[in-house]
Amino acid sequence: MTDSAAGRTPKRTPLYDEHVAAGARMIEFAGFAMPVEYSGIIAEHKTVRSAAGLFDLSHMGEFSVSGPGAAAFMEWAVTNKVANMKEGQARYAVICKPDGGIVDDVVVYRRADDFLIVANAANIEKDVAWLDYLRRSWPGEGGPPVNPEDVVIRDLSDETALIAIQGPRSEAVLARLTGADLSAVRPFRFVEDRVAGHRALISRTGYTGEDGFELYIAPEAAVPLWRALLEAGGPDGLVPVGLGARDTLRLEMRFPLYGNDIDETTTPLEAGLDFVVKFDKEGFVGKEALERQRDQGVPRRLVGFKLEGRGIPRQGYPLFAGGREVGRVTSGSMSPSLGEPVGMGYVEAACAEPGTLLDMEMRGRRIPARVVEGRFVER
Amino acid sequence: MYPEDLRYNKEHEWVRRENGRARIGITHYAQEELGDVVFVDLPEPGSTFQAGEAFAAVESVKAVSDIFAPVSGRVVEVNEALADRPELINEDPYGEGWIAVFEMDDPSELDGLLDAEGYRKMVEG
């Protein structure tokens, strides 16, 4: 899981000292020094499901797409419909290459003057370079005719910090620090208001399956907001939560993780992200390739499975059906909520039906695994 | 954190000599580095290993960690309690978190391991 930029000191988020002071175990992730756990992954995970947890996500990328051509450009650059978004809406989307491979999965926020795109930390430079390439090469690539000068792309990552509060107590805790009417902010909506006196974009979004909010703020606001939230949430049991539990929380929800479950060799159809591919859009990057795949039959599928023997699924473990290798595990762990091992992986389409019995190879042995439907944990 | 009656290797495993047998586990430092242990892959009793060979695996939430035989020998006992309670390795690494007992091929191999002071120096620098 570690990502090492050889020779370079990892970057720090504004909250680095807070994590170290709290006794966090720090690792390097996407070039950043990040907390993987504080009190322990399992305890932190369970606290998010039962109360609330606080996450430093300032390593993630944010960029702005603005200008008179922004809506048409974004509509072409991602597979989902975004041109029709209203101010205050957020939408999950995928950026594809012409061959249908996924460049990144992102959340798009429609603000008054721009689209704010939030991207995976490891993909920031790649995404900005790709979008800028599309902007410049666009008229020649079959997209809608818009002047490249009518689209302005700005990388805001260094000037944006991100704190998430996730768990059933999130609204109660956050309400103590803001005058915004949080009950009026529905899932995948956002408002801009003050939290503990600091300006913030407050969105009801997250990566855990719990109710919660993501707060986009200036870097100078990160430490005061972090401390204010921990203090306000103390009576509810709010604790800081690291990347370790962030991964087990999203795995239980079967949310894909870029770099494990999706990457440039996988298409959104293979990954079960059909719902963000809008074939009735006039044109978008990757549309023809995805149409072909849909019409010919998607050859493999990202499935969720549970082991029926002792073991833990890990990225890279082969999956067999009828003695033949049919796929690989892409994510897996012991689910803290279930106390059972769960995993995700790609298998040939014929083996993807829920109920299919597979074998997972772990250290030279075969462990039976059953394809399951839906999330591992219902919320 | 460094029981005096044990020997240690560079892979953060400990050995307690019990006559011709060696009781083996991982150290406090090792379990702390791993985090929550959620699964332990134990060897088959009767199987044999050379010193340095992986004979078990301890899995934390995030990672798989091979456990290497500190001495050569034959597995005569494994800690079945770890099947239901892998967290014993975190809670009591030198006691109830023991992993396996070997019948040693050559007890003099123990002389090549670190004593408590040597291991402490290795960990603390």
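This is a predicted model: local features need pLDDT of at least 70, side-chain atom pairs count only at pLDDT 80 or more; totals for chains, interfaces and linings use all residues.
Residues are numbered from 1 along each chain as its sequence is written, with chains lettered from A and ligands numbered from 1 in the order in which they are written.

**The two chains**

Helices (H or I, at least four residues) and strands (E, at least two) are DSSP runs, numbered from the N terminus. A residue is buried if 20 or more other C-beta atoms lie within 10 Å of its own, exposed if 12 or fewer, and partly exposed in between, with C-beta atoms placed from the backbone.

| Chain | Helices and strands | C-alpha span along principal axes | Buried residues |
|---|---|---|---|
| A | eight helices, 20 strands | about 60 × 55 × 45 Å | 47% of 379 residues |
| B | four helices, nine strands | about 35 × 35 × 20 Å | 42% of 125 residues |

For the radius of gyration, taken over C-alpha atoms, the globule rule is 2.2 Å times the number of residues to the power 0.38. Chain A has 21 Å, which agrees with the value near 21 Å for a compact globule of 379 residues. Chain B comes out at 13 Å, close to the 14 Å that the rule gives for 125 residues, so it is as compact as a globular protein of that length.

Two residues are in contact if their C-beta atoms, placed from the backbone, lie within 7 Å. Looking at contacts between residues at least 6 apart in sequence, 67% of those in chain A join residues at least 24 apart; for chain B the figure is 64%.

**Domains and cores of chain A**

Chain A is split into domain 1 (11-58 + 160-252) and domain 2 (61-158), with bounds that come from an automatic or database domain assignment. Their centres, taken over C-alpha atoms, are separated by 26 Å. Where they meet, 10 residues of domain 1 are in contact with 11 residues of domain 2. The domain 1 side of that contact has six nonpolar residues, three polar and one charged. For these classes, Ala, Val, Leu, Ile, Met, Phe, Trp, Tyr, Cys and Pro count as nonpolar, Asp, Glu, Lys and Arg as charged, and the others, Gly among them, as polar.

Now for the inside. A nonpolar core is a set of buried Ala, Val, Leu, Ile, Met, Phe, Trp, Tyr and Cys residues joined through C-beta atoms within 7 Å. The largest one has 130 residues, and V108(A), I163(A), L215(A) and L225(A) have the most contacts inside it. Both domains of chain A give residues to this core, so it lies between them. Setting aside neighbours within four places in sequence, L215(A) is in contact with residues including L162(A), I163(A), V195(A) and L225(A). There's also a second, separate core of five residues, among them A30(A), F32(A), M34(A) and L243(A).

Y109(A) sits in strand β7 (residues 102-110) of chain A. Y109(A) counts as buried because it has 27 C-beta neighbours inside 10 Å. Not counting residues up to four places away in sequence, Y109(A) touches A90(A), F115(A), L116(A), F190(A) and S203(A).

**Strand pairing**

Two strands pair if DSSP finds at least two bridges between them. Back to β19 (residues 357-362) of chain A: two bridges join it to β16 (residues 318-321), running antiparallel. Six bridges join β19(A) to β20 (residues 365-372), also antiparallel, and D359(A) stands opposite P368(A) there. β19(A) and β20(A) form a hairpin with two residues between them, and R363(A) in the turn has a positive phi of about 50°.

In chain B, six strands form an open antiparallel sheet in the order β1-β2-β3-β9-β8-β5. Its edge strands, β1 (7-8) and β5 (48-49), each pair on one side only. Within the sheet, β8 (residues 73-78) and β9 (residues 100-104) share five bridges, with G73(B) opposite M104(B).

**Where A meets B**

Finally, 12 residues of chain A are in contact with 10 residues of chain B. On the chain A side, α2 (41-50), α7 (243-252) and β17 (324-335) each give two or more residues. By class, that side has five nonpolar, four polar and three charged residues.
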